[in-house]
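Reader: I've got this one open on my screen and would like to talk it through. Can we start with how the helices sit against each other?

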Amino acid sequence: RESAASSTSEANDLSNDLVDVPQVAEYLRVSKTSIYKLIKRQWTTAIRIGRPLRVRKDELDETLRAMGNDI
């Protein structure tokens, strides 16, 4: 039972760490189209799980911090 519980916990941790394009767009207050363009330009990395693209929240935050340091 412990292994099943820990794997469920790990899956929940992973899903909390990943955000989809609409969530990123809402977070940055831009359109979904803009996010797709940024992903295409490799501004941030995205992974595909099934059909939707997902972005790691911590990598997104790190990219934003780095952009703030460039200004």
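This is a predicted model: local features need pLDDT of at least 70, side-chain atom pairs count only at pLDDT 80 or more; totals for chains, interfaces and linings use all residues.

Reader: How are α2 and α3 oriented to each other?

Author: Helix α2 covers residues 21–28 and helix α3 residues 32–40, and their axes come within 8 Å. The axes cross at roughly 105°. With 65 to 115 degrees as the range, α2 and α3 are therefore roughly perpendicular.

Reader: Which residues of α3 make the contact with α2?

Author: From α2, the contact takes in Val-21, Pro-22, Val-24, Ala-25 and Leu-28. The residues of this contact divide into 8 nonpolar, no polar and 1 charged. On the α3 side, they are Lys-32, Ile-35, Tyr-36 and Ile-39.

Reader: Where on α2 do its buried residues lie, seen down the axis?

Author: In α2, the buried ones are Val-21, Val-24 and Ala-25. Looking down the axis, they fall within an arc of 100°, so they line one face of the helix.

Reader: What pattern does the chain follow along the sequence?

Author: The chain has 71 residues, and 18% of them count as buried. Its secondary structure comes to 4 helices and 3 strands. Read along the sequence, the order is α-β-α-α-β-β-α.

Note on methods: Residues are numbered from 1 along each chain as its sequence is written. Side-chain values use heavy atoms; hydrogens and water are left out. Buried means under 20% relative accessible area, exposed over 50%, partly exposed in between (1.4 Å probe, protein chains only). Helices (H or I, at least four residues) and strands (E, at least two) are DSSP runs, numbered from the N terminus. The arc is that of the directions from the helix axis to the C-beta atoms. Axes are lines fitted to C-alpha atoms, for helices over the stretch in contact, and angles run from 0 to 180 degrees between N-to-C directions. Angles under 35 degrees count as roughly parallel, over 145 as roughly antiparallel, 65 to 115 as roughly perpendicular and the rest as oblique. Contact means heavy atoms within 4.5 Å. Ala, Val, Leu, Ile, Met, Phe, Trp, Tyr, Cys and Pro count as nonpolar, Asp, Glu, Lys and Arg as charged, and the others, Gly among them, as polar.
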